[in-house]
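I opened my notebook to look up a few things in this structure. Here is what I wrote down, entry by entry.

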Amino acid sequence: MNLASSLSSSAFSSSHPLAPYGWDADWESEFAPYAAEGLLPGRVVRVDRGQCDVVTADGLVRADTAFVTPNDPLRVVCTGDWVAVDPEGGTPRYARTCLPRRTAFVRSTSSKRSEGQILAANVDHAIVAVSLAAELDLARIERFLALAWESGAQPLVVLTKADLVPDPVTLAYLVQDVETAAPGVPVLSVSAEQGEGLDVLAAVVSGGTAVLLGQSGAGKSTLANALLGEDVMGVQAIRDVDGKGRHTTTTRNLLALPGGGVLIDTPGLRGVGLWDAGTGVDQVFAEIAELAEECRFHDCAHESEPGCAVLAAIDSGALPERRLESYRKLMRENQRIVAKTDARMRAEIRKEWKRRGAIGKAAMEAKRGGLR
């Protein structure tokens, strides 16, 4: 973007009624054909029961989603989408179409149909909230981050309830553990109760749209209320025995922050299945990807191959074995998901199984020969 267009965009963003919700010159350009038809632009702030709440320049409107609910679950309208809605007077009022998404946070559903489920659209920052009230689950954090990177958003890990770890040395070690599991991702400890770290977090999310992700009991709603400066999201008491609570957010809600930026709060996620997130997994385990380039064989599986730089790093202690196991698990899961919808991937996986089977058979025959 050149200086002139940057200045134009800046002037635009400060004057348009939808600017606080992320509307900019590029969105206006995308919307031009629909504006010519008399439709209104708006951002979806909530979807439920076949209808959606859409914020427009004229205020909040309720619109039917019949035209934006296709058979493809990844194209169904969701919180964060920009849509074209009927002008005032339509009964019922419809969201006619969605503008192309810049980013999308997608996970696989828990159903056996292996479908993708879109959780939020047009997100700039993916905030993974992790409670310090319970033992850190680094593998789960890596899983969230893989989806966050794949979405196109910038991940950020927020360790909530930092006031429950009063010893600064212990807190520093916990942050370091998460940083090791999240290369290239900022890690911030916050206490919504005491206000610690909130100013830094508010500054980060003020520059776009952020989505709050995490398990139930991670403190997402409390964090959202702290950023909003008021109790907008319901908060349930957390059980002392395991630090968990019931879902307090039941739908995905988009809210404009008083200091700038937009926040999408989501229900607690019990399951976070990967959905075609190979690139995201590689980014989470960037150090393994870098080591793999030094392996003797380009298709090294990092299991028993000679000249494997990854296994050498494990032996030397430079790479924690837990990281490699987590990487293998996520890659296998991602391959299974992709294979269910990609015939060529299925064929490649079968070929790899046969290759490994042949290697195993040859090794067994060699072993028997040595025993004779």
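For burial I use relative accessible area: buried is under 20%, exposed is over 50%, and partly exposed is in between, with a 1.4 Å probe and protein chains only. I am working from a predicted model, where local features need pLDDT of at least 70, side-chain atom pairs count only at pLDDT 80 or more, and totals for chains, interfaces and linings use all residues. I number residues from 1 along each chain as its sequence is written, and side-chain values use heavy atoms, with hydrogens and water left out.

**Whole chain**

I looked up the totals to start. The chain has 372 residues, and 45% of them count as buried. Its secondary structure comes to eleven helices and 13 strands; these are DSSP runs numbered from the N terminus, helices being H or I of at least four residues and strands E of at least two. I took contact to mean heavy atoms within 4.5 Å. Among contacts between residues at least 6 apart in sequence, 64% join residues at least 24 apart.

**Helices α5 and α6**

How do the axes of α5 and α6 cross? I found that the axes of α5 (residues 198-205) and α6 (residues 220-228) come within 10 Å and cross at roughly 80 degrees. Therefore α5 is roughly perpendicular to α6. The angle classes are under 35 degrees for roughly parallel, over 145 for roughly antiparallel, 65 to 115 for roughly perpendicular, and oblique for the rest. Axes are lines fitted to C-alpha atoms, for helices over the stretch in contact, and angles run from 0 to 180 degrees between N-to-C directions. On the α5 side I noted L198, L201 and A202, and on the α6 side L223, A226 and L227. By class, that contact has six nonpolar, no polar and no charged residues. Nonpolar covers Ala, Val, Leu, Ile, Met, Phe, Trp, Tyr, Cys and Pro; charged covers Asp, Glu, Lys and Arg; the others, Gly among them, are polar.

**Cysteines**

How many disulfides are there? I count zero disulfides, taking one to be a pair of cysteine sulfur atoms within 2.5 Å. The sulfur of C308 is 3.7 Å from the closest cysteine sulfur, in C300, so it is too far for a bond. C300 is buried at 12% relative accessible area, and C308 is buried at 7%.

**Around α9**

I then looked at α9 (residues 309-316), whose buried residues are A309, V310, L311, A313 and I314. After α9 comes G317, with a positive phi near 90 degrees. Is E293 buried or exposed? E293, in the loop between α8 (286-292) and α9, is exposed, with a relative accessible area of 70%.

N122 is not a glycine, yet its phi is positive at about 55 degrees. N122 sits in the loop between β7 (116-121) and β8 (125-131) and is buried at 6% relative accessibility. K161, also not a glycine, has a positive phi of about 60 degrees and lies in the loop between β9 (154-160) and α4 (168-181). My last stop was V338 in α10 (residues 321-339), which is buried at 12%.
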